Amino acid sequence: MSETPEEPVGPRRVIGTPSTAPVAVDTRPESAEPTFSADPPDAKSAKNAERVVAALFVLAFLAGCGFIAAYIGLEVGDSTLPKGANGVVAALRSNMALGSALSVALLALGAGSIIWVRQLTPDIEIEEERHDLNSAPADRAAFQQDFAEGAAISQVTRRPLVRRTMLLATAPLALAPLVLLRDLGPLPQTDLRHTVWKKGLRVVVNNTERPLRPADISTPGSMITVIPEGFQDDADALAKAGVILIKFAPGELHIPSNYDGGTLVSSMNWTVDNIVAYSKICTHVGCPVALYEQTTHHILCPCHQSTFDAANGANVIFGPAARALPQLPLMLDANGYLAAASDFTQPVGPSFWERG
Amino acid sequence: MSDTTTAKNDAVKIPAPVSGVGGWLDDRFHGAKGVRVLLKKVFPDHWSFMLGEIALWSFVVLLLTGTYLALFFNPSAAEVVYHGSYTKLDGITMSQAYATTLNLSFDVRGGLLVRQIHHWAAIMFMVAIMAHMLRVFFTGAYRKPREVNWLIGVVLFTLGLLEGLFGYSLPDDQLSGAGLRITEGVMQGIPIVGTYLAYFFFGGEFPGTAVIPRMYILHVFLIPGIILALVTAHLFIMFHQKHTQMPAKGNTEKNVVGQPFFPYFLLKGQAWFFFIFGTLVVLATFAQINPVWMYGPYTPLAISAASQPDWYLGILDGALRVMPPWEVNFLGHTLTLSLLIPFIVPLGVILGGAALWPFFEQWATGDKRFHHINDRPRDAPVRTATGVAAVTFYGVLWAESANDLIADKFTIPLYTLTWIARVLVVAGPAVAFVLTRRVCLGLQRKDSAMLRHGVETGIVRQLPDGGFVEERRPLTDQERAPLLARQAPALWPAPGSDDGGVPAPPARGIAGRARVTASRAFAETVPLLPNGNGDGRDNGYHNGHGTGEHTAAEAAPGGPARLNRGSDSADELAIVASSF
């Protein structure tokens, strides 16, 4: 809706209502076949527009050259940079130079193109007739006739035995690609029910692989991530066997003895010296539960905020996780180091259909 | 048409290459007639028609940049010790995938730029598809004969989600690994086949070594191939069926008005491509995205707070966060509703609902006509209200995926925030539906009033008797055209019940009654003018709101109750409308 310049000065119009100025300009010519003219809408401004467009295209050209210059001039990477140069700084500098040049080149081309079409071409609007999409009834009937005749000639309707045996023949072939997918992976078996923890396997600190004595965790309230000794490079094992150790002040820890279908799943007897071990794998979708709030004893999963009460068997307090974090039975080995007393007694991590 | 060609010959000299090369090609391919149609193809102009084009050009940029990245990226989980330019990770053991991502970022000139363009283009691609789909939905451009293209669009959006998920999981950094872990957890939660699916996809236990090369071939070959094929089909169907157009003077169901493809759309399309590409490069240069080097290589026991997926998967993550801990155990099996519902419901409601909507609308309205003129959103209150309800549902879940950030920045307790989201995700869409429908009807009344009384000019005149009147001017034809485009859908079944109130046979039974109810909801429209046509300008009809108001309602088989409801809501609507 174009607004004429001599719009009467009056109260501001309300948004959404049409302009009070009469808009009577219908730019579309009435005749269906306009006489041809390649002249721009306004000859005077066209001269200016031409210069602007050309200037933008020259700018794009220069920026394009700048891109190539930046590529050649700004080295990145260990092998080409002088000794001692900062590779990250070099990469970011190169990124900035290449990106700036390319931005200018592309945007100038875009701006030039749009000014070109808006200022240098006549404002021609044309009308095209919309034909019916559906075919003429006669064509449809003829098609149906031809199709039915073809089908009749093929005997496909008249000989069901042939038709059905052909369909039968394709059925196993259609299934074959699915069958081929079978070897994408092993069957789950009971993998998800077990971890590598077993009686006597020492807990070691994640990343340093240092074994722990109870005295090493002297301050109550700290949380340490530990892994089974010797598995630091086994991502598959760690994805299930990661454990957090939390030390409590005497009297703060209350773990009820819970049973799940006859299996003991949490017990105060599984703690050593007020140190409790829980699976680090969230029972929701398996993120590591990495946040611990000392004052409230809350373990928080940063992914979806499932919250567990560490002082009370890691029961769920809030969030989408439906199960407590499984507790790992702890003991001291012959040398006084913390070790697992057994594997987890229930599956760790997210629930699954066969879990029960 | 041939007359014009000769007429043009007078004005323009045909350049030699056009006749020469063109002639050479035409001798072999017989293209002159067909390609001429292409040159003259009409492209209607409306800003909202450029949204789909953003998606198209972003996809082109994705193909170009993705091909370049594939020259340097090695999709392997094999472990290497890193010794590259990013010295903070020097000596760290990591996968080839992560190491080559670092290398192409820091040791390849332009590598970082192209990687960031690629990521920004993926985000832009999904934003543009969504905006385009909303435009098509709210203007009813999906209606017959364009249902198939709408379905293709829904599939393209779904494929975009998957393509994006696999794409940002490839670098094997800490954040993408966490995303994969969540993907695996959700897969495990699928009843009966979940563990098998997860084992087959990951080639065994999570994380394994198989998943990166598998995602890679899906990401660079299979999914983009399908997307490319569907985009092509989408464009060809659009081309064949011709564009829709907005209601305006001169636009009818029988024509397409706009500018010809050559040279207008060619130049505009070129400009638009450069603008979009340029914008993506600006973002890639100045707005860092996915700095994988800061996250470190993936290890299963590390995580960072505020782990969010790319925006288009936010709705799924938000749904995971908003769920209460629902899990059912029975007969030795576990049904984890807190995984299954977030996986199925948001995508089911949004994508399944989008796919089914055109057919539902046809079923409810019995409208089998062709539609080439788009609706203004207010003119289809039920559709618009449903759309806004869906946007609200989506928006709540999407915002919930950043609940930890929102809680932190606005110091709202996290659990309170989640509870708010739990309430809003159910109540929000219902409220949005009711409000939007009323606003639409109110806006319709405003349009009707403008048709009837014209526009307030702001000029007040004093009458000889001392009274004051505000001058109005009638609408121009251009202004009237979009307003007059409003059509009340016919009530289904149209000649319905007999005089005794016995419903017509198709309106009986549960489905029949549901259809009648839906049909009435769709048919509720404020009539354009008391006399039902658009010929009167300011016809002085100032107090006769009653008579023509119920044209649509009177056709309803329901009878008097329906009439009352119509007039009540109409009065309330006037209030709603005036407050907007």
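Helices (H or I, at least four residues) and strands (E, at least two) are DSSP runs, numbered from the N terminus. This is a predicted model: local features need pLDDT of at least 70, side-chain atom pairs count only at pLDDT 80 or more, and totals for chains, interfaces and linings use all residues. Residues are numbered from 1 along each chain as its sequence is written, while chains are lettered from A and ligands numbered from 1 in the order in which they are written.

**View 1. Chain B, with 22 helices and 8 strands.** Chain B has 580 residues, of which 42% are buried (20 or more other C-beta atoms within 10 Å of the residue's own; exposed means 12 or fewer, partly exposed lies in between; C-beta atoms are placed from the backbone). Contacts are pairs of residues with C-beta atoms, placed from the backbone, within 7 Å. Among those in chain B with a separation of 6 or more, 73% link residues 24 or more positions apart.

**View 2. An open sheet of 3 strands, ordered β1(A)-β4(B)-β1(B).** Its pairing is antiparallel; strands pair if DSSP finds at least two bridges between them. β1 (126-129) of chain A and β1 (42-43) of chain B stand at the edges, each with a single partner strand, so one side of each has no neighbour in the sheet. β4 (residues 255-260) of chain B is joined to β1(A) by 4 bridges. In one pairing, A:I126 has B:G258 of β4(B) as its bridge partner.

**View 3. Helix α11 (residues 261-286) of chain B across β1 and β4 of chain B.** The helix runs at about 70 degrees to β4(B). Axes are lines fitted to C-alpha atoms, for helices over the stretch in contact, and angles run from 0 to 180 degrees between N-to-C directions.

**View 4. Chain A, with 5 helices and 13 strands.** The C-alpha atoms fill a box of roughly 100 × 80 × 60 Å along the principal axes. Buried residues make up 31% of chain A.

**View 5. A sheet of 4 strands in chain A, ordered β8-β9-β10-β11.** This sheet is open and antiparallel. β8 (291-293) and β11 (315-318) are the edge strands, each pairing on one side only. Neighbouring strands are turned by 30 degrees against each other on average, direction ignored. β8(A) and β9 (residues 298-300) of chain A share 3 bridges. A:Y292 has A:I299 as its bridge partner in β9(A).

Technical notes. Contact = placed C-beta atoms within 7 Å.
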